[in-house]
Amino acid sequence: MSHFTRVRTQLRDMEMVKRALIDLGYKVTSGSVRGFGGQEARVDLVVRTAGKYDIGFKMEGSDIEMIADFWGIPVDRAEFLRRLTQRYAYLTVTEQARQQGWQTVLEETQPDGSIRLVMQRW
């Protein structure tokens with residue numbers, strides 16, 4: 001019986017997911033995630049955790065799924081996905097703005113963890 005949980009995300013760009021994970025300090029590789037009893041699942045991106053199991057990301061149609069055996073990972077799934085989604089959104093917004101000629105003037109991390117950006121275009 002598989003212990004892997006599949007979580008459909010709102011993320012759409014695998015390269016941006018990779019950049020966000022790296023920005024958050026995770027080592028990212030490709031291959032398979034490890035789970036209970038030596039089980040493995042093939043994914044596009046693998047995040048090695050402090051435990052013996054991994055977190056993976058795989059394209060499924062136009063969506064990205066997060067795949068892991070969360071029973072054996074010392075990571076809060078909701079908090080991990082919240083932080084990843086925030087970093088992904090930040091990178092996506094700043095990259096698209098840069099492509100349209102915008103520059104970051106001010107960036108502040110608020111007490112609640114949100115990020116305030118002030119941008120301008122000449």
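Ala20 is buried, at 0% relative accessibility. Buried here means under 20% relative accessible area, exposed means over 50%, and partly exposed lies in between, with a 1.4 Å probe and protein chains only. The model is predicted: local features need pLDDT of at least 70, side-chain atom pairs count only at pLDDT 80 or more, and totals for chains, interfaces and linings use all residues. Residues are numbered from 1 along each chain as its sequence is written, and side-chain values use heavy atoms, leaving out hydrogens and water.

Ala20 sits in helix H1. Helices (H or I, at least four residues) and strands (E, at least two) are DSSP runs, numbered from the N terminus. Leaving aside neighbours within four places in sequence, Ala20 is in contact with Leu84, Arg87, Tyr88 and Leu91. Contact means heavy atoms within 4.5 Å. Tyr90 is 70 residues away from Ala20 along the chain, yet their C-alpha atoms are separated by 8.8 Å.

Now take the whole of H1, residues 14–23. Its buried residues are Met14, Met16, Val17, Ala20 and Leu21. Seen down the axis of H1, they fall within an arc of 155 degrees, so they line one face of the helix. The arc is that of the directions from the helix axis to the C-beta atoms. An α-helix has 3.6 residues a turn, so residues three or four places apart point the same way. The buried residues of H1 pack against S2, S3, S4, S5 and H2.

Both ends of H1 deserve a look. Asp13 caps the N-terminal end, with a side-chain oxygen 3.0 Å from the backbone nitrogen of Glu15. After H1 comes Gly25, whose phi is positive, near 95 degrees.

Next, the sheet. It is open, has 5 strands in the order S1-S5-S4-S3-S2, and pairs in the antiparallel sense. Two strands pair if DSSP finds at least two bridges between them. Strand S1 (5–8) and strand S2 (28–34) are the edges, and each pairs on one side only. Neighbouring strands are turned by 40 degrees against each other on average, direction ignored. S2 and strand S3 (residues 40–48) are antiparallel over 6 bridges. Val28 stands opposite Val47 in S3. H1 lies across S2, S3, strand S4 (54–60) and strand S5 (63–68), at about 45 degrees to S3. Axes are lines fitted to C-alpha atoms, for helices over the stretch in contact, and angles run from 0 to 180 degrees between N-to-C directions.

What does the largest nonpolar core contain? It has 24 residues, and Val17, Leu21, Ile55, Phe57, Met66 and Leu84 have the most contacts inside it. H1, S3, S4, S5 and helix H2 (77–99) each supply at least two residues of this core. H2 gives the largest share, 6 residues. Apart from this core lies another, of 6 residues, among them Ala41, Val43, Val46 and Ile67. A nonpolar core is a set of buried Ala, Val, Leu, Ile, Met, Phe, Trp, Tyr and Cys residues joined through side-chain atoms within 4.5 Å. Leu21 touches Tyr26, Val28, Leu45, Val47, Phe57, Phe80 and Leu84, not counting residues up to four places away in sequence.

Finish in the loop between S1 and H1, where Thr9 lies. Is Thr9 buried or exposed? Thr9 is buried, with a relative accessible area of 4%. Its side chain reaches the backbone oxygen of Ile64 at 2.6 Å. Leaving aside neighbours within four places in sequence, Thr9 is in contact with Asp63, Ile64, Met66 and Leu81.

Notes
Polar contact = N/O pair within 3.5 Å; in protein donor to acceptor, adjacent residues only side chain to side chain.
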